[in-house]
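Hello,

Here is the structure I said I would hand over. My notes on it follow below.

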Amino acid sequence: MKFNTKVIHGGQQHEPHTGSVNVPVFLTSTFAQKSPGQLKAGYEYSRGANPTRQALEDALASIENGARGLAFGSGLAAIDCVLKLLSPGDEVIAVDDLYGGTYRMFTRLFDKYQIKFSFVNFDEVDTIKDVITDKTKLIWLETPTNPLMKLVDIKAVTDLVKGKNILVAVDNTFATPYIQRPIDLGADIVMHSATKYLGGHSDVVAGALVAKTPELGEQLHFIQFASGGILGPHDSYLVLRGIKTLSLRMQRHSENGVKVAEFLENHPAIDKVFYPGSKNHPQYELAKKQMAEFGGMVSFTFKSGKKEDAIKFLEKLKVFTLAESLGGVESLANHPALMTHASIPADKRAELGITDDLVRLSAGIEDIEDLIADLEQALK
Ligand SMILES: *Cc1c(COP(=O)(O)O)cnc(C)c1O
């Protein structure tokens, strides 16, 4: 099956008893047994598996070309599951421009279990050779990064660690498998905040993992089962429903993203625009190689460099909603320093380039004329 067919049919079967075309929402915690320990259809207790979640997990594995999918109560619960593969003394190398919540989990939660984190700029993949030690067990990538839209060459990283006992995990939230498929590029684990583009309608908080191999999938499932951060059946249904229109939505998000970036680049009040589909992006060539399209996330700064200008602009928006999150059908705007990335210390933010005049936009799927007009009036 090709991708656009997979988002509709991947891992999906009609319900066998009634022929229901859609997977029912199985609101049940437990399943009747024939005899003690003898299950009717493999289901025992919904923390271990639930048919609605199973359908979503099969769909996730299908669209990311992995062996096994797992659905969690949030994106962070999915990351937490991956980190629990590690033991005290292990080392993790992570990309330096990380989602704020991931950074917070690494530095404030897992750091105290004696797991060591190095945050590294992956612009020149070769330089990470100097950071790898015999204790390195996991490389954590995000590409494009949030909010500066930096890219990591996934294939170059997986080639570099080939034959070493190091897992490569990619947070694929911003790109989605419509745009890039990390497992095809050699990654071991793909992670999503399904809250964003996979769900796609800003109506659910959910997370996902896809493992390249059945063995790794089994290890991760054991942790999910033993720690319990599963996604409920109703939310599983919402994400599954969202995935069905992923291709169509990503096409429009990308079209609008390109046009929003173009508009901002030509506006006299704007200084820098961060968008992988812009010819001015320092990794434009990598973007063309690694990504099928460029997505709907665009960040920018003001010529004035003033925080007050960013705030005034955000207050004036009418079609874009000022809110955390991204990847829904509606356009959103965010101030990383005060909102999504406030959990990163100010000096660290400054070092990374997350300045106080940085604004991050999530271009929705509305008519582009209305989005541009809204940006125009708010900039005025
Ligand atoms: C939102 C987000 C997360 C966290 O996911 P939640 O569903 O909010 O727990 C992780 N990574 C990225 C890139 C995100 O945008």
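An oxygen atom of the ligand is 2.7 Å from an N or O atom in the side chain of Thr195. This is a predicted model, in which local features need pLDDT of at least 70 and side-chain atom pairs count only at pLDDT 80 or more, while totals for chains, interfaces and linings use all residues. Residues are numbered from 1 along each chain as its sequence is written, and side-chain values use heavy atoms, with hydrogens and water left out.

Lys196 also has a polar side-chain atom 2.8 Å from an oxygen atom of the ligand. At Leu76 a polar backbone atom is 2.9 Å from a ligand oxygen atom. The ligand is surrounded by 15 residues (a heavy atom within 4 Å of it); Gly75, Asp171, Ser193, Thr195 and Lys196 are the closest.

Seven strands (DSSP runs of E, at least two residues) make an open, mixed sheet, ordered β3-β9-β8-β7-β6-β4-β5. β3 (68-72) and β5 (116-120) are at the edges with a single partner strand each, so one side of each has no neighbour in the sheet. β3 pairs (at least two DSSP bridges) with β9 (residues 207-211) in the antiparallel sense, over five bridges. In this pairing Arg68 is opposite Ala211.

Helix α8 (residues 233-244; helices are DSSP runs of H or I, at least four residues) has twelve residues. Its buried residues (under 20% relative accessible area, 1.4 Å probe, protein chains only) include Pro233, Tyr237 and Leu240. Among the elements covering the buried residues of α8 are α1 (3-9), α2 (51-63) and α9 (246-265).

Regards

Conventions. The expected span of a helix is 1.5 Å times one less than its number of residues. Buried means under 20% relative accessible area, exposed over 50%, partly exposed in between (1.4 Å probe, protein chains only). Contact means heavy atoms within 4.5 Å. A polar contact is a pair of N or O atoms within 3.5 Å; within protein, one must be able to donate a hydrogen and the other to accept it, and residues adjacent in sequence count only if both atoms are side-chain atoms.
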